[in-house]
Amino acid sequence: MAALAATGAVAVAAGILGVLAPVTGSSLPSLPSVLLGAAFSPSAEDGFIPDGSRVDLADEQLPAISRLDPQLLAAMRAAEADAAGDGIRFEVTGGWRSPEYQQWLLDTRIAEVGEETARAYVATPEQSRHVDGDAVDIGPVDAQYWLISYGSAYGICQTYANEPWHFELATEPGQDCPDMRTDATG
Ligand SMILES: [Zn+2]
């Protein structure tokens, strides 16, 4: 599936470039990744969550949720149940992502805001904890504040200083969270 999609992206990119040479797998690295990004369109199968779609931790039909690490998912659900007592609801704005989706995110952000800013917020597919299913992005702000305040009781920590929405299992329940990394480049 992913291989087919990538081949299609190459064909489209090659068409844009007017490349006449036959398209083969070996031509992949020579094409600018931003062109591949422009041709790729992430779907729910890639873990794509459209803006404003109100996904939550119970939406197990979505790979964005079902492919999260089971321990992270269990900890987040336990936290969510307790936060509900404070009238707080967790909304998932980012969960598991395919490597193709992560690369598309990075390429799209680079095109929008430039390389330096994009890389501070979006990790490469090799480095992203979302691709491993080990990170989840949560909104709205009151839910973020609740998790930042009480998440460590469940082992949940904010791990990037510039991303108050991004949480990982990063400590033993009840222990302090480790020092945050500055941003996605660190
Ligand atoms: Zn994140």
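This report describes the disulfide and the zinc site of a predicted model.

Because the model is predicted, local features need pLDDT of at least 70 and side-chain atom pairs count only at pLDDT 80 or more, while totals for chains, interfaces and linings use all residues. Residues are numbered from 1 along each chain as its sequence is written, and side-chain values use heavy atoms, with hydrogens and water left out.

**The disulfide**

The structure holds one disulfide, a term for a pair of cysteine sulfur atoms within 2.5 Å. Its partners are Cys157 and Cys177, whose sulfur atoms lie 2.0 Å apart. The link of Cys157 and Cys177 is left-handed, with -90° about the S-S bond. This pair joins distant parts of the chain, 20 residues apart: Cys157 belongs to strand E3 (residues 156-158), and Cys177 to the segment after strand E4 (166-169). Strands (E, at least two residues) are DSSP runs, numbered from the N terminus.

**The zinc site**

The zinc ion is coordinated by His130 (NE2), Asp137 (OD) and His166 (ND1), at 2.0 to 2.1 Å. Along the chain, these donors follow the spacing H-x6-D-x28-H. Asp137 in strand E2 (residues 136-139) and His166 in strand E4 are 29 residues apart, and the pair links distant parts of the chain. Donors are N, O and S atoms within 2.8 Å of the metal (3.2 Å for Na, K and Ca); water is not among the atoms, so sites may look incomplete.

**Accessibility**

Buried means under 20% relative accessible area, exposed over 50%, and partly exposed in between (1.4 Å probe, protein chains only).

| Residue | Relative accessible area | Class |
|---|---|---|
| Cys157 | 1% | buried |
| Cys177 | 32% | partly exposed |
| Asp137 | 6% | buried |
| His166 | 3% | buried |

Key. Helix = DSSP H or I, 4+ residues; strand = E, 2+ residues; numbered from the N terminus.
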